[in-house]
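Reader: Hi! I have a model open here and would like to talk it through with you. Shall we start?

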Amino acid sequence: MTSEREQGVVDERLPQPDAEDIELVKVMHALGDPVRLWLLCVYGDGEEHSCAPEAVSLGHLHKSTVSHHMRVMREAGLTTTRVAGRNRYVRLRRDELDARFPGLLDALLTSMPWTRPSS
């Protein structure tokens with residue numbers, strides 16, 4: 001039987017800071033945009049989500065705009081992105097963020113009765 005690696009199908013992670021290098025100021029800056037707050041709410045379910053704008057209820061935005069917001073969140077340490085072939089899947093780094101900043105995500109997620117942002 002041929003392994004996925006031998007077939008050229010390998011999952012990998014895009015660059016992200018190590019958990020101990022996540023800085024609160026960068027996390028808060030990343031969340032200073034309504035679209036990224038919306039994405040936090042979407043990712044707050046703990047599941048892995050496709051990067052397609054429609055998959056995160058942002059179909060009204062251009063794909064490059066949504067990708068930019070996802071990159072900002074990943075570089076701040078909020079999310080991890082798994083690459084599988086041509087697809088990308090994003091997940092909130094919940095356990096690492098809870099260990100680094102106890103209570104922060106709970107406070108943010110419970111305080112946002114959000115509807116999808118327009119921009």
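Reader: Is Met112 buried or exposed?

Author: Met112 counts as buried, because its relative accessibility is 13%. Buried here means under 20% relative accessible area, exposed means over 50%, and partly exposed is in between, with a 1.4 Å probe and protein chains only. Before we go on: this is a predicted model, where local features need pLDDT of at least 70, side-chain atom pairs count only at pLDDT 80 or more, and totals for chains, interfaces and linings use all residues. Residues are numbered from 1 along each chain as its sequence is written, and side-chain values use heavy atoms, with hydrogens and water left out.

Reader: Good to know. Where does Met112 sit, and what is it in contact with?

Author: Met112 is in the segment after helix 6, which spans 104-110. Setting aside neighbours within four places in sequence, Met112 is in contact with Leu37, Leu40 and Cys41. Contact means heavy atoms within 4.5 Å. Met112 and Leu40 are 72 residues apart in sequence, and their C-alpha atoms are 10.0 Å apart in space.

Reader: How much of helix 3 is buried?

Author: Helix 3, residues 34-43, is mostly covered, with eight of its ten residues buried. Among them are Trp38, Leu39, Leu40 and Tyr43, and Arg36 is also on the buried list. The cover over those buried residues includes helix 2 (24-30), strand 2, helix 4, strand 3 (79-84), strand 4 and helix 6. Helices (H or I, at least four residues) and strands (E, at least two) are DSSP runs, numbered from the N terminus.

Reader: Let me zoom out. What's the overall layout?

Author: The protein has six helices and four strands. Starting at the N terminus, the order is α-β-α-α-β-α-β-β-α-α. Of its 119 residues, 37% count as buried. Among contacts with a separation of 6 or more, 68% join residues 24 or more positions apart.

Reader: How about accessible surface?

Author: About 7,100 Å² for the protein, and carbon and sulfur atoms hold 50% of that. These areas come from the Shrake-Rupley method with a 1.4 Å probe, and for residues only the protein chains shown count as cover.

Reader: Back to details. What's in the loop between strand 2 and helix 4?

Author: One of its residues is Ser57, which has a positive phi of about 60° although it is not a glycine. Ser57 is partly exposed, because its relative accessible area is 39%. Leu58 lies in that loop too, and Leu58 is buried, with a relative accessible area of 0%. Leu58 is 20 residues from Trp38 in sequence, with 9.2 Å between their C-alpha atoms.

Reader: What about Pro53?

Author: Pro53 is in the loop between strand 2 and helix 4 as well, and Pro53 is buried at a relative accessible area of 7%. Not counting residues up to four places away in sequence, Pro53 touches Leu58, Gly59, Leu61, Lys63 and Val66. Its C-alpha is separated by 9.2 Å from that of Thr65, twelve residues away along the chain.

Reader: Changing topic: what lines the largest pocket?

Author: There are 15 lining residues, of which Cys51, Lys63, Ser67, Asn87 and Arg88 lie nearest the centre. Helix 4 (63-76) and strand 4 (87-92) are the elements that give two or more residues to the lining, and helix 4 gives the most, with five. A pocket is an open set of points on a 1 Å grid over the protein atoms alone, where a 1.4 Å probe fits and protein lies on both sides within 12 Å along at least five of seven lines; lining residues have an atom within 4 Å of a point.

Reader: How much space is in there?

Author: About 300 Å³. That volume is the space filled by probe spheres set on the points, with grid points joined across faces, edges and corners.

Reader: Last one: where is Ala99, and is it buried or exposed?

Author: Ala99 lies in helix 5, residues 94-100, and Ala99 counts as exposed, because its relative accessibility is 63%. Ala99 and Ala19 are 80 residues apart in sequence, with their C-alpha atoms 8.8 Å apart in space.
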